[in-house]
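Subject: Structure handover

Hello,

Here is the structure for your files. My notes on its interfaces and salt bridges follow below it.

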Amino acid sequence: MAELLQPDSRMCNYFFLYDGSKVRGEADPTRDGICYFFPEETPLDKQELLCGQLAGVGRCVSELSSSPARTLRLRRNKFAIRMKDDFFWALGCSVDVPTVSVSEFLDQLIDLFCFYNGPVRQSYQLNSQETLAAQWARYLSHLQSGSSELSHIFSCLKTIDSTNVDPLLLLKAALILQACQRCPLVLAGCILFRGRVVSTQMSPGLTMKVMVHESETYTKAQRPNGTSASSSFSGTVSSTTVFLTAPELQDLQSAPVDKGFSSDILKPSSCPTTPQRDGPSKKTRLSRTLSDTPSTESQVSNPSLSKPPQKASLSPRLSDSDVFSPALSHSAANSLNPSPQSLRFLSNGENTVEDEVEESRSRDSTGGRSQIRSEGDGSVFEEDSHLNGGEGEGAFGGVFEFQAVESGNEQPHDDKVVEEDSRVSRGSVSGHKAGKSDPPPLLPPPHRLSDASEENALIPMTLYMHRVKGLVLALLVEPHFMSDATSMEEVYHSSLASLNGLEAHLRTISPGAPGGPGPYTFAHFDCIQSTLTTNLSGRSGGAWDQPFVRATSLLHSHFCNTETLQEAIIRNASTAVYGTRSVAQETYFQQNGGSLRNSGIPNHQDSAFSLPSKARHRLLKHGVNLL
Amino acid sequence: MKCLLIASESAEMLFYWTDLEFQQNIQKQYGASQEEGHGFPAFEDSISTLFAPIIISFSTMVTEADSYTSFTTENNHIYVLHQFDECLYIAVNGDGEEKEEDLRRKIYVMNKMIEVLFGMVTLSGNLLRKELRARDTEQRLRLWKHLQSLLETYSHLRENDQSFLVEAVERLIHPTLCEQCIEFLERRLVQQINSSVERGGEEVLHAFILVHTKLLAFYSSRNASILSTSDLLALIIMAQNMYPSNVDVDDPSPEVQSGDSLSNSTDSIFYTPEPSPTDKDSKKPVRGSTPVFEFVDPDIQMAEDSLSTLEVYPPDPATPHKVFLEVSQKDGLYPMMPHSMYCLKLWPGITLVLLTKFPHSGVAMSVYTFWEAFAKLEKRLNEGQGGSTRGQPMHEVRSKLDKFLKTLALNGIQSSQLQNVWTEFKNRAFSRGGPGFSRDLIPWCKNMKTQLCGIYRQCFLSDSGPDDTPRRLSPGLRERAQTMVQEQLMDWKDFLLVKSKRNITMVSYPLSDFPGLVHFICVDRSSGQMIAPSLSITERTTSELGKGPVAQYIKNKMWSLVSTTRHYLQKGYSTLTLRDGDFYFCYFLWFENETGFKLEAKDIPIMPDDSAPIGMLAQNYYRKLLRYYSKNHPGETVKCYELLTVHLGVIPTEIILQHCRQLASKLWEPSRNPLL
């Protein structure tokens, strides 16, 4: 099956999602647990074999090691594994692909699914397996579409070739986005042109997710649910519900541009109790400029308090929140030792509280927040908000965190759970729980709190898209933006003319001619922006490409695994590749042409050792500075 | 948290080794799942129950023509799996001290040690299973304990000894003394033993003297085949296991390096724990008498802990070990031919090893030849070529095997089962009306192979040989040999013990010649030898690298560099330079002919991640590499060298490369080597 397709055209040989909760008893057939299997044409026997064996071994290993399995390698395939709740994901690739890349790919895939569909368990309760199978297939093909071999190694954003584009156009795009943000309901946006990023305000990960929908609407495929086209804007505007993780939302809200402005407008009336009004951070924010970053950063750490400790450690903002370490540890303490009364409150009336939360949220998101607080009656909330001086979002995030802990404590072994390292216990415990006692879905999205073990703490937002031919303006907006006609019109009309102009300009730019095999090959990966610059001739696979890709793949894994490694030259009889990296970038360089003559013995005249200086000079004209 | 286990396809535990942490972890888990039970079940039962799903799933996947090679978990536990014939090896690490490659190497080394101990019996899964899992509990525990301690000795060496890091033998560099010793071994020792009537039909083929793990002198008799590096390294592990010398600790203080006081003090300084655990009680006072140093190897201690419930009496260390080593003859390579290994302790840290040939070792060669013939036939039949060849080579085998069976009968070896299977085989293969050489013959090939291994086992592994005469060097002869060498080396022994710690030091490399050079290792892969400055990093000894953390850091870097270079070598890269932190690392692999002329580099094979580890101890990679390279150089002796260097990062690259070049050209030429 897998052999029918070109091995290099795609990364994934197998992908499946297996729901262990459906196969509990001896008599339950394995096939009941298979939620999705790629390639779909795989015979069911083979599907059952792979799912059954891998899930079984995965569970056995995770029991032995008290930690979820991460990779299962076979002689011909390597599988990245994710185990969460009773779900078991496996992504099988050729063994040549670096393990770090496979794992990253799987994480991306799952994140994509959650971005558009919300928590997995809930999606499978609300939608048919077939519908969701189509979703998985879509994301899978999107992530692999047009990928060169290098993009198997680096998960990168496709951007327009900035060397071909007038920088003023990029500036213009950035200005359009900033203009849109003047509307307080707009969180952040990006502008895409023919499936490539022109400008973005979002993190690379989030931009990547947004782009899936763009390519979707571009190909005019039908989305089964959640999409609504507004006829009032001549069919060029569409929107869909998306789900952001708490850290993603925090990142957006921490954007230095005008966020304070938006909350000022939005909140005074609806959040009268928010202590942030008197918070110390307020004083520093009298004037609002881009250089205002530090104070906004300190504001950021409010929401970060509400995130679970392990999230904080993963987040790039860790250093910022370190400033707040007393508060941080306080929140950790909270999450580990919830007060007894809050426990009781949850186990008695979990569903009703949730319902209320849901309702209040759907009524009015900002109003709802304060309501949650008053209902919550748990002292934790109060403490949090006092301590944080948190604005609405902060406290709101706190609810999810709190719920996550509570759902863990429903377990009979609750004392044990609290004692254990929260990183391990939280995931596994809620895993059991979700499988056994998840009540049937009561409400449509946005969001079921019972699922909210911290990673499931997904916050519904709306993705707004305005298409002008090949150009798309994508904005992440507050859910009620779509019902706020004034805001919508304001955004639409303020950007329409500029978008048309930008589109017209971009259209005239011819894509740079694919250069033939030059005297050298290079790849430059910007780890911060997740962009890749290369002169590698795509898929055609020149004589020098294959060795270059192989070396790059090895070196990239090595760089990933060895933090102190700065540069490396590797060489065999025919090729030599130089790799160097800093915190922000990785660069790989290979000199083509047959000037390599050496017997392998150390020789300072060996041309391999002149690669670093050559790379430095040659790559300057590609905008890569290695000095 | 470490573990290594061997299981049969039916998930039967054939061997296991765990460290204390892993054992506790297993007991905790098993206890958790069996809360109602009374007390812990036997550890062996728990571990086999917990691993059973993995083992069974492995077999299932094998039938689907794919099999697991490794697992990792989010908390960075690593599992490596590998199947040798019918035995599945699983190695686990949960403390981050070993990487996947290390675990795979451990598995291969374990397999190598089992091959050395059981020879051709390892070729039959069924027989090996019986050997590893003897019915008699005491016998089984004794064997397991022996294997566990071998594994621990190996792990200890690999983590601390540079020669086991790169898997090449390190010689003591003292040309005059080496020469004297070789001459002594040849002219006096070996000659005397081989002409003695007390040698019980055995013949000394190889004799060598080890100072800790380093080779002082090695002599092979004229009619002996070359002892492969792989076997030599395995024998050093066995010798170390018998007489462990904790190389890191027992360093004589400098003030006693000369003078007579040394000879008095060494005995107490070099206290080495007896391998026998039976004298546990007597050990304590001895330990107390050497208050400064804790000489009990922690690994050994652990082995005792993990099997503390057993009271197993190991065999007398003076009895020879049966070892099965590779023999190359004009007509081909015979792996796993029987030898006896006599390990005679001269002084603590200095050991004389004698390898002798069995009187009936010709039988082993015949058995192997027949076994190989049936294995080849089986392979051909599996590939569906049986019909075309009509088993031409088998006609030759037929007459030879008939003759062989008669010889066996004459020597009183039980061979009726082999006889029966062979008759049946002949009926099927050669009779006119029979099925001939078709796939139906495959099970009979397998059966023949098993029977041949059975004969081999009967001849060389069972305690009573074909005749009941004890075939070994008499104790008197052994004692005399020991005394002879002791007398010869008496004046040198203290020097040797110091020398083994400071074989080469970086001080001998003038700073003016090699500024910024921190460390290097140079390996001659054709002869399996290495040269490297000593890296002793104990509290007491101050090497040029300084003490404590810095030296430890360099050592760790060196170890990780070797594993990195192997990874790139596996992927076909023979040159590597790395700038890592404050250091600059270089690695080169190249070929020369015998006259030292550098040969053109050639792309070397790219291998999958789960291929055999690169090294010489198990599955000699370099031998294959040399064979591969020599294809283009027929009639020329090709040599393969490796050089690893560590420099300070501030040194300009050109200078570093010049150093490498100088080292590469100088090291193996005694006249120009400043060290020799």
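In which sense do E3(A) and strand E3 of chain B pair, and over how many bridges? E3(A) and strand E3 (residues 68–73) of chain B run antiparallel and pair over five bridges. Strands and helices here are DSSP runs (E, at least two residues, for strands; H or I, at least four residues, for helices), numbered from the N terminus, and two strands count as paired if DSSP finds at least two bridges between them. Within this pairing, A:Arg73 has B:Ser70 of E3(B) as its bridge partner.

Two notes on conventions. This is a predicted model, in which local features need pLDDT of at least 70 and side-chain atom pairs count only at pLDDT 80 or more, while totals for chains, interfaces and linings use all residues. Residues are numbered from 1 along each chain as its sequence is written, chains are lettered from A and ligands numbered from 1 in the order in which they are written, and side-chain values use heavy atoms, with hydrogens and water left out.

Chain A against chain B

The contact (heavy atoms within 4.5 Å) involves 51 residues of chain A and 62 residues of chain B. The two chains bury about 5,100 Å² between them, 56% of it on carbon and sulfur atoms; buried area is the accessible area (1.4 Å probe) that two parts lose on being put together, summed over both. Of the area that chain A buries against chain B, A:Leu64, A:Arg73 and A:Pro602 supply 15%, more than any other three residues.

A:Arg73 also forms a salt bridge with B:Glu100, side chain to side chain (3.0 Å, N to O). The rule (a side-chain nitrogen of Lys or Arg within 4 Å of a carboxyl oxygen of Asp or Glu) finds two salt bridges across this interface. There are 32 residue pairs in polar contact between the chains, both residues at pLDDT 80 or more. A polar contact is a pair of N or O atoms within 3.5 Å; within protein, one must be able to donate a hydrogen and the other to accept it, and residues adjacent in sequence count only if both atoms are side-chain atoms.

On the chain A side, the elements that each supply at least two residues are helix H1 (44–65), strand E3 (69–74), strand E4 (77–84), helix H21 (545–561) and strand E14 (565–571). H1(A) gives the largest share, ten residues.

Domains 1 and 2 of chain B

By an automatic or database domain assignment, chain B is divided into four parts: domain 1 (3–33 + 41–160), domain 2 (169–244 + 316–359 + 471–494), domain 3 (363–461) and domain 4 (503–672). The centres of domains 1 and 2, taken over C-alpha atoms, are 31 Å apart. Here 16 residues of domain 1 touch 14 residues of domain 2, and the buried area is about 1,300 Å², with 73% from carbon and sulfur atoms. B:Lys112, B:Val116 and B:Leu157 lose the most area on the domain 1 side, together 36% of what that side buries.

One salt bridge crosses between these domains. The side chains of B:Lys112 and B:Asp231 meet in a salt bridge (2.7 Å, N to O).

Salt bridges overall

Over all chains, the search finds 40 salt bridges. One of them joins the side chains of B:Glu12 and B:Arg133 (3.5 Å, N to O). B:Glu12 lies in the loop between strand E1 (2–8) and strand E2 (13–18) of chain B, and B:Arg133 in the loop between helix H4 (125–132) and H5, so the pair ties together parts that are 121 residues apart in sequence.

Regards
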